[in-house]
Amino acid sequence: MSLAAKGNILVTGGAGFIGSAIVWALNRRGHDNLIVCDRLCEDERWANLVPLKFADYIDADDLMRGISQKADFLGDISNVFHLGACSDTTESDADYLVANNFEYTKELARWSLS
């Protein structure tokens, strides 16, 4: 995996099973210039982050507020791995799913391309 040498790497959903595996794989390739983004809430996902190296952690809502107010909110980001979404197949709140999985992704893509 070849990544841009300059700038930080943003990993959304970084505390989840797959997201933390991406962070782990990036660490194994010598990358610790990572910004991990997630919603830790009350479950045990935070434990996935314990053995990993990263430069910063940001809550998903704080990320969205920040990038919607200021394009350079996170500074120099060279790569984005977007794995943040609700994958709970029992989630029945359609408004939440649209906001979290669809609108969040659109806003992050818009910001990434700007």
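Me: Leaving aside its neighbours within four places in sequence, which residues is L63 in contact with?

Reply: Contact means heavy atoms within 4.5 Å. For L63, with those neighbours left out, the partners are L10, T12, C37, I58, F73, L74, Y104 and L108. Before we go on: this is a predicted model, where local features need pLDDT of at least 70 and side-chain atom pairs count only at pLDDT 80 or more, while totals for chains, interfaces and linings use all residues. Residues are numbered from 1 along each chain as its sequence is written, and side-chain values use heavy atoms, with hydrogens and water left out.

Me: Which residues have the most contacts inside the largest nonpolar core?

Reply: A nonpolar core is a set of buried Ala, Val, Leu, Ile, Met, Phe, Trp, Tyr and Cys residues joined through side-chain atoms within 4.5 Å. Here L63 shows up again, along with L10, C37, L74 and W111, in a core of 13 residues. Strand 2, helix 3 (60-69) and helix 4 each put in at least two residues (helices, H or I, have at least four residues and strands, E, at least two; both are DSSP runs numbered from the N terminus). Helix 3 is the top contributor, with four. There's also a separate second core of nine residues, V36, L34, A15 and I9 among them.

Me: Is V36 buried or exposed?

Reply: Buried is under 20% relative accessible area, exposed over 50%, and partly exposed in between (1.4 Å probe, protein chains only). V36 sits in strand 2 and is buried, because its value is 0%. Beyond four places in sequence, it touches V11, G14, A15, V23, L49, F54, D56, Y57 and I58. Take V23: 13 residues away in sequence, its C-alpha is 8.2 Å from that of V36.

Me: And what joins the side chains of T12 and H82?

Reply: A polar contact of 2.6 Å (that's a pair of N or O atoms within 3.5 Å; within protein, one must be able to donate a hydrogen and the other to accept it, and residues adjacent in sequence count only if both atoms are side-chain atoms). T12 is in strand 1 (residues 8-12) and counts as buried because its relative accessible area is 1%. Leaving out residues up to four places away, T12 also touches C37, L63, F81, L83, G84 and L108.
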